[in-house]
Amino acid sequence: MMPHGLGLLSKAVRRAAACALGFALLSPLMAQPAAQPAAQPAPTAAPPSNHQMASASIERRVDALLRKMTLEEKLGQLVQYNDDGFKDEAKPVDVESAPQMAANPTAATQVDAMQLAATGRLGSMLNTVGAARTAAFQRAAVEKSRLHIPLLFGADVIHGYRTIYPQPLGLAASFDPALVEKVAHLSASEAVTAGVRWFYSPMVDISRDARWGRTVEGAGEDPYLGAAMARAYIRGYQQGDLSKPDSVAASVKHFAAYGAAEAGREYNTTDMSESRLRQVYLPPYKAAVEEGAASIMSAFNSLNGVPSSANPYLLTQVLRREWGFNGPVVSDYTSIMELRNHGIARDAAEASRKALLAGVDIDMMSHYYDTELAGLVRSGKVPMSAIDEAVRRVLRLKFALGLFEHPYPVEKEVTAAVDAHRPLVRLAAEESLVLLQNRALNGGAPLLPLPRTAKTIALIGPLADDSANMVGSWAGGGRQKEVVTVKDALEARAVRNGGRLLYEQGTEISGEKEDGFEAALKAAQQADVVVLALGEAGEMSGEAGSRSNLDLPGNQEKLLEAVAATGKPVVLVVFSGRPLVLASAAAKVPAILAAWFPGTEAGAAIANVLFGDVAPSGKLPVSFPRVVGQEPLYYAQFPTGRPTGSVDLAHPGTDVDSHFVSRYIDTFNDALFPFGHGLSYTTFAYTNVAVSRAELKLAQARLSRGKPHGPALVVASATVTNTGAVEATEVVQCYVRNLGASLEQPVRSLQGFTRVTLKPGESRRVEFPLTYSELAFYDNRGNQVIEATDYTVWIGGSSTAKEHANFSIHP
Ligand code: BGC
């Protein structure tokens with residue numbers, strides 16, 4: 001397992017210190033009013049986003065219950081705690097088998113959650129899992145409390161409960177929403193047996209800065225891909241029917257724009273134009289809401305000066321009025337308390353009032369709603385109607401989940417990785433792997449796939465036999481001993497191929513000691529081929545995992561150099577929760593496979609790809625920089641007024657035209673490995689890129705405004721051919737640019753993708769319907785608009801696709 005215990009302790013201490021310091025430092029700012037959101041278009045009342053929670057029968061039950069509730073009982077539904085301090089003497093927690101759900105600080109004040117549950121003063125719990133443990137609290141709520149309202153158990157099941165699949169960034173590299181839906185459902189089916197019916201997932205924050213550790217929790221830099229992934233998680237978790245016993249309610253997080261944290265520093269400020277917010281950061285949340293997401297989690301960050309957990313513009317105007325979201329909003333962990341650190345609340349009462357009135361229904365761990373709201377209602381500072389509305393949202397969800405009828409899990413508890421689930425999580429891991437580089441050796445064939453004739457393989461590196469780190473951060477209830485490591489899998493291969501594996505750790509992930517180098521080099525020298533397993537530890541990404549360097553940690557780069565210097569063919573398998581700077585590695589080794597953190601079946605999936613049983617098909621959901629100073633780095637940049645144009649950045653001239661352009665004087669502008677990039681064991685050719693029409697009228701385009709799945713205005717198409725020797729899957733990508741709009745537009749942006757499996761020599765015509773949403777952009781008043789502009793469409797295998805076609809929209 002990951003060393004959660006240690007992390008927990010130090011984070012708790014740090015968080016407490018930060019709070020205390022924050023209050024002292026921020027006091028002079030506290031009198032200043034929070035910035036107000038800019039003027040926005042008139043609120044539109046959209047229909048309820050989740051039809052189940054909007055049903056008349058649920059509404060009747062909510063009304064009936066609400067009428068019976070005292071103020072204290074109502075507030076109870078808005079309160080969420082974990083079970084810290086709870087000791088079930090009859091069933092002591094076995095630390096090895098207890099799911100380690102979150103590395104979070106404990107709340108400032110301890111409460112007795114069991115007693116609150118028994119007296120109707122607790123609505124939900126976080127990261128309290130396990131059939132016996134949840135049942136103990138549920139019994140208190142259902143059997144002892146006056147109104148018998150069941151608790152809802154929420155947990156950070158991010159990429160699997162017991163059988164762990166790749167982290168969301170790795171899954172995004174599959175560009176396979178159907179697969180994501182399946183694994184998401186798989187984790188739900190396991191977790192419900194432990195009493196959990198609510199996941200704090202998916203995290204749909206767009207991340208364009210690899211320094212931000214939480215990049216690993218989302219689908220990367222692109223809103224179109226992010227939206228597709230967001231929908232897939234919701235479908236997998238909720239199955240379109242929350243009442244099914246194996247459905248869980250999703251909590252889409254962290255609303256909103258948390259991923260734009262300045263300088264990639266965790267919990268930091270975000271500040272951006274309305275157009276960028278709507279066009280880049282909000283689409284995945286909007287897609288999740290359209291798919292019926294049951295709940296939302298408000299974020300830690302402030303947006304344009306207003307903390308997200310007290311932001312009426314985000315939580316009421318956009319989320320509820322414009323999108324019709326009708327589920328509950330839960331705060332992030334102590335984020336209501338943190339409104340004081342942000343400096344927009346002087347005390348707990350002010351923080352509670354601002355959060356509730358902005359639209360935060362449930363207080364996760366701040367210990368504020370339970371202590372403050374009653375007084376605020378009595379003094380008239382918070383209307384009872386606002387409390388009632390928040391309570392309604394919570395109760396609707398509980399009714400929709402069928403918790404009143406079935407408060408306890410029905411299936412036998414899943415307490416270990418499930419064998420029957422391994423093939424699917426292995427497939428997910430295989431699809432997540434991205435072959436970044438695969439150079440030919442001495443003019444021969446590319447190094448990968450490894451030939452079965454490679455009899456002696458040296459496996460070197462700190463992640464080669466590291467079961468703990470294969471599951472990355474937020475590892476749910478995954479157990480270390482159930483993970484297949486790279487060493488496990490390659491050893492089995494070696495035996496099967498009649499060869500041998502020489503394993504050496506070489507160094508530690510972060511250490512500087514070189515004691516292991518000699519043995520590692522000796523192993524390399526004896527081998528036909530070397531597999532280097534290097535990268536980050538799981539906890540170097542995820543929450544509070546921001547880095548200012550993006551290189552291989554410790555002395556791993558040095559080990560790589562020494563191994564490469566032996567002259568043996570080297571494959572680098574790199575594990576990370578973010579893009580790393582691999583420029584120097586890429587110059588020294590012929591083949592690089594980005595593995596992210598693949599989960600329970602890590603080694604098996606990697607071996608299958610290394611030996612060519614499976615041709616890699618993953619594509620990068622994030623750009624890999626050449627140097628950290630390029631961050632934030634993303635393909636969909638604006639052109640600027642001084643684009644580099646035809647300047648050769650490898651040999652820029654000294655003339656004015658080469659110098660005064662938007663560039664660095666010490667590196668390239670582009671990524672080392674760009675978004676959408678990923679090689680296979682075959683090659684694909686793109687021909688006959690075409691559009692169904694060369695022009696259309698603006699009035700006709702505008703007819704489908706506001707229809708998310710409206711008719712195709714233009715259909716873009718291309719022929720894709722497998723020009724190599726093996727069957728493989730290609731992620732075909734469609735990018736769009738428009739010229740002449742009233743606002744600057746990205747140089748290109750993804751507006752379609754599909755996976756196509758082709759036999760050698762086989763061709764297929766692939767079509768991308770471009771509807772209003774794919775062709776429109778957001779203006780700075782929050783409107784999605786189409787203007788009379790000229791479009792270019794590229795279809796290809798990465799964001800650098802060359803084949804294109806054009807069309808125009810005329811006034
Ligand atoms: C994280 C959330 C998580 C919550 C509950 C917070 O610190 O930001 O992503 O869901 O804790 O564990």
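I start with a cut-off: buried means under 20% relative accessible area, exposed over 50% and partly exposed in between, with a 1.4 Å probe and protein chains only. I'm working on a predicted model, where local features need pLDDT of at least 70, side-chain atom pairs count only at pLDDT 80 or more, and totals for chains, interfaces and linings use all residues. Residues are numbered from 1 along each chain as its sequence is written, and side-chain values use heavy atoms, with hydrogens and water left out.

**Entry: Phe624 and Phe673**

I looked up Phe624 and found it buried, at a relative accessible area of 1%. Phe673 is buried too, at 6%. I then checked their rings, using the rule that rings of Phe, Tyr and Trp (its six-membered ring) pair if their centres lie within 6.5 Å, with planes under 30 degrees apart stacked, over 60 edge-to-face and the rest tilted. Phe624 and Phe673 make an edge-to-face pair, 6.5 Å centre to centre with 70° between the planes. Phe624 sits in the loop between α21 (602-610) and α22 (656-659), and Phe673 in the loop between α22 and β17 (684-691), so this pair ties together parts 49 residues apart in sequence. For the element names, helices (H or I, at least four residues) and strands (E, at least two) are DSSP runs, numbered from the N terminus.

**Entry: other rings**

How many aromatic pairs does a search of the whole structure find? I got 17. In one of them, Tyr233 and Tyr237 have ring centres 6.0 Å apart and planes at 45°, so I noted the pair as tilted. Both tyrosines lie in helix α8 (residues 223-238), four residues apart, about one turn of the helix. Tyr233 is buried at 5% relative accessibility, and Tyr237 is buried at 0%. I also noted one aromatic cluster, formed by Phe175, Tyr224, Tyr635, Phe675, Tyr735 and Phe753.

**Entry: α2 against α15**

I looked at helix α2 (residues 56-68) and helix α15 (residues 384-400), whose axes are 9 Å apart at an angle of about 125°. Axes are lines fitted to C-alpha atoms, for helices over the stretch in contact, and angles run from 0 to 180 degrees between N-to-C directions. α2 and α15 are therefore oblique to each other (under 35 degrees is roughly parallel, over 145 roughly antiparallel, 65 to 115 roughly perpendicular and the rest oblique).

**Entry: Ser145**

Where does Ser145 lie? I found Ser145 in the loop between α5 (131-144) and β3 (152-155). Ser145 is buried, with a relative accessible area of 4%.
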